[in-house]
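Biologist: Thanks for sitting down with me. Could you walk me through this model, one question at a time?

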Amino acid sequence: MVQPHSGPSAQGKADPGCPYCSGREVLAGYNDLATTHPGIAAMWHPRMNRRLKPTGAQAVSRKPAWWRGECGHVYQMAVRDRVGPSRATARTVRGGRGPRGR
């Protein structure tokens, strides 16, 4: 399993060469939808998305996914559109470490 570095450097900046910090690659438990937006990931439709899982998608992904609304209806929408424009790229970094205080 690939282990990312501890997150942003002491100066508070992410390593632009790191594929996980830069968002070029998904790492489950670090920058995936289930980790960064668990409430939205809970609405993920497990059967209709087939092989794609919330741990394999990022909040900024343009991939269309199937969602199950609170009303019970099923609909398809790009992941980043479901997350919303302001929340898709927002990350909370605490204590000079990775996302969500890691």
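Biologist: Let me start with Asp32: does it count as buried or exposed?

Modeller: First, a word on the source: this is a predicted model, in which local features need pLDDT of at least 70 and side-chain atom pairs count only at pLDDT 80 or more, while totals for chains, interfaces and linings use all residues. Residues are numbered from 1 along each chain as its sequence is written, and side-chain values use heavy atoms, with hydrogens and water left out. Buried means under 20% relative accessible area, exposed over 50%, and partly exposed in between, with a 1.4 Å probe and protein chains only. Asp32 has a relative accessibility of 1%, so the residue counts as buried.

Biologist: Which backbone nitrogen does the side chain of Asp32 reach at 2.5 Å?

Modeller: A polar contact is a pair of N or O atoms within 3.5 Å; within protein, one must be able to donate a hydrogen and the other to accept it, and residues adjacent in sequence count only if both atoms are side-chain atoms. The Asp32 side chain reaches the backbone nitrogen of Tyr30 at 3.4 Å. At 2.5 Å, the backbone nitrogen reached is that of Gly29.

Biologist: Which residues does Asp32 touch, not counting those up to four places away in sequence?

Modeller: Asp32 is found in the segment before α1 (33-36). Contact here means heavy atoms within 4.5 Å. With that cut-off, Asp32 touches Val26, Leu27, Pro54, Thr55 and Ala57.

Biologist: In what order do the elements run from the N terminus?

Modeller: Helices (H or I, at least four residues) and strands (E, at least two) are DSSP runs, numbered from the N terminus. The protein has 4 helices and 2 strands. Their order is α-α-β-β-α-α.

Biologist: Where is Arg50, and what is its phi?

Modeller: Arg50 sits in the loop between α2 (38-41) and β1 (64-68), and is exposed, with a relative accessible area of 69%. Most residues other than glycine have a negative phi. Arg50, by contrast, has a positive phi, near 50°.

Biologist: How many disulfides does a search of the whole structure find?

Modeller: A disulfide is a pair of cysteine sulfur atoms within 2.5 Å. Cys18 is buried at 6% relative accessibility, and its sulfur lies 3.9 Å from the closest cysteine sulfur, in Cys21, which is too far for a bond. Cys71 is exposed at 58%. The number of disulfides found in the whole structure is 0.

Biologist: And what share of the residues of the protein count as buried?

Modeller: The protein has 102 residues. The share that count as buried is 34%.
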